[in-house]
Amino acid sequence: MIKRNIYIIGLSVLLLIGITGCSQWLDLKPESEIILDDFWQSQSDVESVLAACYRGLTEDAVISRMIVWGELRSDNMITGNGFPNARYDMQKILDGDLVPSNAYASWSSFYSVINDCNTLLLYAPKVVDRDNNFTLTDLHQVQAEAMTLRALCYFYLVRTYKEVPLVEEASINDIQNYSLPKSPEDTIINHIIRDLLYAQKYAKTDFGITAYNKGKITLDAVNTILADVYLWNQQYEKCVETANLVLADKNLKLEQAKYAYSHVFYFGNSTESIFELQFNENVQKNNTVISMYGSNANPIGEVSFPTTLAYDQVGTEVGAFSPFDYKVSSSVIESANDIRAKDSYALYGGKYFIFKYAGINRSETLTGASMYFYRSGTPNWIVYRLSDLMLMKAEALVELDGEANMKDALSLVNKTYLRSNEGQDSLSIKNYTTKFEMEKLVLRERQRELLFEGKRWFDLERIARRENSTSTLNDYVEHKSSGNTVSLGAPVLDAMYMPIPTSELEANPNLKQNPYYEETSSSSNR
Amino acid sequence: MKKNMKSTITIMSLMLSLILPFHSVGQNKGDGTIIQGEITSATDKLPLIGVNVTEMDVNNRVVSAAVTDINGHYVLRVKSLQNRLAISYVGFIKQTLKINNKKELNIVLAENTHSLGNVVVTAVQKHGEGGYVIPEREIGTAMQTIDFKQMEGLQVSSVDEALQGRIAGLDIVANSGDPGSGTSMRIRGVTSINGSSQPLIVVNGIPYETQIDPNFDFANSNQEQYANMLSINPDDILEITVLKDAAASAIWGSKGANGVLMITTKKGASGPTRVDYTYRYTRTVQPKGLNMLSGGDFTMLMKQSYLNPRQDDNATNINEYNYDPNFPEYENFNNNVDWIKEVTQVGNINDHYLTVSGGGERANYRVSAGFLRQNGTVIGQELSRFSSRANLEYTVSDRIKFTTEISLTNTDNNRNYTYNFNDGSPNEDKSILAIAYNKMPNVGVYAQDLEGNNTNSYYNISRGSSLNGDQRDLVNPVALARLAKNELKTFRILPTFRLQYDLTDPEKQLLRFSSYVSFDINNNKTNMFLPQEVSNLIWSDSKVNRADNSDNESLTIYADNNIAWQPKFTNEDHSLLLYGSFQLTTGNYSNQGIVSYSLPSGEAIDASNLAYLTGANTSHSSYRSLAFMVRGHYAYKSRYIIDGTFRRDGSTKFGAGNKFGNFPGVSLKWIASDEPFMKSTKKWLSTLAFRPAWGVSGNQPGSEYLHFSRYGTYGSYLDVTAVKPTSLQLTNLKWENTTSYNYGLDLGLFDDKYVFDINLYSKHTKDLLFPKVNISNISGFSQLSYINGGSMDNQGWEVNFYANRFVKTKDFSIDFRFNLSNYKNTLIDLNQTLLDSYNSDYDYKNGSYLTRVQKGNSFGSIYGFRYKGVYQYDKYIAGSQENAPVAHDAGGKVITQQDGTPRAMWFNYYGKNGGAPYKFRGGDAIYEDINHDGSIDELDIVYLGNSNPKLNGGFGPTFRYKNLSCNMFFNFRYGNKIINAARMNAENMYYDNNQSTAVNWRWRKDGDITQMPRALHQYGFNWLGSDRYVEDGSFLRFKYLTFNYSVPSKLLKKYSIDKLSLYFTLNNLYVWSKYTGVDPEVGYGALTSNAGLAVDGSNTPRSKDFTLGISVGL
């Protein structure tokens, strides 16, 4: 009896010790996720994080910011069918009421991509030792893609905020320092250029699959971004040089006029595309564009093109602000019958709703009326295409000045212009004799060609930075509506940039608000 | 695979340790000898048929048995000839005799003709479970027990409802009067900020929890988490003990910081089989909440509201408000619908409950089954619940006892659909009632033809309508309630197996090994369908014709092995109990969901049907914890008592170095009234005891795997699956730790006729866990899942008083109970980032109150403007139109500008922080310009009060007259301030939502004297956070009145009924309060969302209902 009891007690004690001794028993790894220690073992791990870097750019938060930062603030957009409550902050921007609490002041979606790139750049080199299939060449190509994507993110940030914190370290745990101050603009730009020059060395020219060549970073994409950065940084010669590298690629060519719209914006991955973010009906829809621009289900989008700028409203006076049907002088009219004026937007109930990205194609009846066919799918988002690059180069050439450069610039403008103005005369140098006129011509052509593609505000910013004044920018922006739009432009250069979100200032004590939005000290004694 | 093996082995060895004792006992094989004999009656010498003959060993364990045949003959193969035989037969005296190596035993049984004499049983009331049982009088910690006998006759659908107001220091507040909105429960205030401030629930010694999805937001989960309390049928509960101080709750260590609710269920008792049946019928009526505008009044308001901001006639030209017969939809917008009436109904509850219990010498059992069916007071709500609980106790021998408990609950809850798309639609997260309160009253429920007759389809305002989105996209609540589906099916089963084995003879000393294994299996199925007919979206939209199906299941295994030792001292002045325990918990949780849209409309459809699949997700997680605990109890002369506990907890939730936490507790008790020198006062001072105690308890984060840097899938890009880091590794996450001191006093007067239980306490919580803390987004992440961010103090006191039959005559007696408590929390320290994020700048927006969380202060302080009525005139004319928007100086004189004109009043004149300046006009709200600068801005914000009550408590008498008893209960709160957000939303005249009839008193033209500003559609600053909406929330509620009548047993005897009682309960009879809102009982605000402000957003008061019940025992 006693023996039995001892046996039981002994067993229980053993059981206790057996389990307490095993403090591993309390080490439990997640089942539906992988932990850092077990990751980064093979090439597929690297490829999947690289895919996440691209995937991050297809977030609605990113696409909507590319549109808000690059287009909504410009003269190209006004309210369309009205914003749902969720887009309250877009309405506020259109009202000229931009405050640090505005949702579109948030930069987190871009930093999320930057962190994914940083993480990849930190761990990918370790995989070379762990997986023999992952060669040094593979590593370099992956690095080229990740560095370019990181550079692209910083390029968006630097254009939007001017100064932002430059994060190069991957975020792993809670004891790292996340309270970095802002870096000066040129530090960031130099960092971007450094990354892109590295990528230039290793980027692939051909992935073998069209979708990959357009949807992933190729050498052409690297150079196009670099050209854009040089243009922004007023390094015009380098911009032209780099643009020429892309123009030398014979695989890139402008689509023919009659297919241009549907090939570029409906089917996607066209011959003129350089880098476009890939969306997929089943996996990742381009919801922002569907709701802002429209779709088959709802052709009327949340934003529209200002009636004051549309081709059939103005254009009667010389130097008006509509890019279409533009009177250069009393006898010369630019874009008199431009198909981009019909392809880019459609008139419903007195408003010009966006058709670009929202539609499949437009056809014309015998009487010449347009019939619009809307898409039910989901559009890719074009970040860069050939005509953009051509006009970038044209802009740089104009800034470089000189007769030859002006001629070259005009011939580049004519390439995109004539495609959309079939049967019209090419633009003649005699009508654009001054640098000022050429500058404005390139700006107009960029507006016509790249309408709603997230470029216009940056184009205007470049002008303002060159002129060291926002007066030209304001002239354009204030013409988007007939009402009181004085507050829509930027009273000073600093106001062109977005405020830093309030929440970010709270979470990071080393961060200072951008100058225009700094709070003036309290005023109890005023 | 490897880790699975390990856990399987662990479980198996645990099971083994359970089974083992049987084997070891069952080893003594007998010699298999057959004995036989005949059993006859002593009265008539005739053989007895069916007599039980059992062989018992020294421990009275049955080892073999037989039954006599028709000749009274039995044959039995015995295990040992040294054992005894027991012979028992109904109506005869039981006999036990030694076999003594005999092969034949003939026995004569004597008939049991005597009636039982009086037996006096003396027993000491003891408290505890398993091996750790100490006399109740020796308990030195702060705890309070509620016997559920008190609850008899009350219709409560859940345990928390039954406890409300009954326990000092336990504050339970229903979240709102809307059905199913749950309660929030706090024992001694808030010690944790991380949201899971709800106490731990323990049923029969086993934690009763549900593993919650790691992504689940604790801060807003009162309803969901406490819905699981519903699955314990209140009828099954014997008593509930609330452990309030840390010395008591330290035995639950890492989970006990918020206090512990220990529920004990009823068990079977020896005796003949008893059958009890109870039926209750409850009728619930939703009282009238706010009075809302009629169609005519509403459209009139809207026209003014649109006109006023800019005096623009075009703005008011909205067809839907015009009553223009040329408008094609005219008939659909000329109605007068009381939407609240349309969506409410009289609710009823039918509750059946059947119990069978009984037992004999060796075994007793209790099996119960309940069925409840409830129709909510809002249309479309229906709940049915089947619950069952079986408790079987089998005494193998005097030293081995085996218990099985199985409980099962199956709930089918048809709920209202709630929009959850986060797309900014006006329906977002709103209940049917909330939508009904907002819905414009001039639109019809059903589409109408050109003659104005209802068709049989519901009317949805067209998407192309010129109405503001607030109304245009607001769904038809009747259609939503009737057509959309949101069904939750829950199935939960909890089998528990217990073993108790005395290693020595318990008569000499207690050395008891106990063990249990409990499984908690929980399955939930959610089935939702939103048909296109309830909204104005086209059928192919991803939000309609959409089915959401999700399943989740969890399995938790609890195991505990413990040993208790209680030696018998020769000197009876000493008593000692030592206890050691080892506990293991392991569990897993899995969840899968699938969403598809563009399904055919009509009959609700499963998401797996062919359609657009928008979401499919699965997740798994598992968790483990272990604890080692020792407890000791020592009493000298049963009046000097010391108790000690030490528990070491380990959990998978923390990383290396922080996995284990230590939780000690000590309590002392001195029963002074038992001292010899107190003998003289014993007559009136029957009990006087002091109880100081100290203890540490903890709290852990709500999710797993926080200490890893994790990588998860993230969709795909160009056919390559994307994977990215999903979290930041929390390197130093620790347990949240609460140290508490409790000073208790027990006082009993006149033979404990009047009993006081008084406690003073202070708690200090450090390493407060904060969930979802914002970090700089430049990290690529927006939040840290948890940080240990500060410390906090709580101080409080509570008094509990019970007068036991203090008035007593032969047929009549009165009991009275009363409790009162209060606490105060103080923030000692807080991480600067957290402080900054709670103390954000004033946002210059209507409806928002400035929140401030400050070190050294408690939460819940309300700051805002002072509201001074409405500007009577637009233009200031001295003498005649004084009450106009002009600035006054400190002396009350109008401030004039250089040109001599009075200076206008502005809102945010300096346009600070991006807020737009606004010039006040006639009919606008007047806010006090505290600094007399002519600008209303953040400098005019003042302190308006605190949300925490100064006192809360409850009281009530019980009257008994013969077989009739009457029970009343009141609860109250005193001295707290509430922000009446419901009134704010119903009076702001800012949106297109319907408003309360109070707005009919609004300012309309110059000279109107009123307290209600003019209507301004999305313009102006008429509803800034001000004292206009801050009200005193003190109240006294007559919570219930119950009558219970037991039919005298004399009358019942001839129908062979044992017991018959009838009851009648009235619930929520009356509320005395100055509060103008519908109900002053408002839940707690979470610090994480609004700095602990009490905000009343409910439009509906608590329901008043009555219950009729009958209970029959056979």
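I take a contact to mean heavy atoms within 4.5 Å. The model I am reading is predicted, so local features need pLDDT of at least 70 and side-chain atom pairs count only at pLDDT 80 or more, whereas totals for chains, interfaces and linings use all residues. Residues are numbered from 1 along each chain as its sequence is written, chains are lettered from A and ligands numbered from 1 in the order in which they are written, and side-chain values use heavy atoms, with hydrogens and water left out.

**Entry: B:Asn562**

I looked up B:Asn562 and found it in strand β26 (residues 546-566) of chain B, a strand being a DSSP run of E with at least two residues, numbered from the N terminus. B:Asn562 is buried, with a relative accessible area of 7%; buried means under 20%, exposed over 50% and partly exposed in between, with a 1.4 Å probe and protein chains only. Setting aside neighbours within four places in sequence, I list B:Arg512, B:Phe513, B:Ser514, B:Tyr579, B:Gly580 and B:Ser581 as the contacts of B:Asn562. Its side chain makes a polar contact of 3.0 Å with the side chain of B:Asp560, and another of 3.1 Å joins it to the side chain of B:Tyr579. For a polar contact I require a pair of N or O atoms within 3.5 Å; within protein, one must be able to donate a hydrogen and the other to accept it, and residues adjacent in sequence count only if both atoms are side-chain atoms.

**Entry: nonpolar cores**

I next looked for nonpolar cores, which are sets of buried Ala, Val, Leu, Ile, Met, Phe, Trp, Tyr and Cys residues joined through side-chain atoms within 4.5 Å. The largest has 156 residues, and those with the most contacts inside it are A:Trp40, A:Tyr154, A:Leu157, A:Leu277, A:Tyr293 and A:Trp381. Helix α6 (residues 136-161) of chain A gives the most to this core, with 15 residues; a helix is a DSSP run of H or I with at least four residues. Apart from this core lies another, of 47 residues, which includes B:Leu301, B:Val378, B:Ile435 and B:Ala436. Beyond four places in sequence, I noted A:Trp69, A:Trp107 and A:Phe110 among the contacts of A:Leu157.

**Entry: chain B as a whole**

For chain B I recorded 14 helices and 53 strands. Of its 1114 residues, 56% count as buried. Among contacts in chain B with a separation of 6 or more, 70% come from residues 24 or more positions apart. I also noted that B:Ile1110, in strand β53 (residues 1104-1113) of chain B, is partly exposed, with a relative accessible area of 31%.
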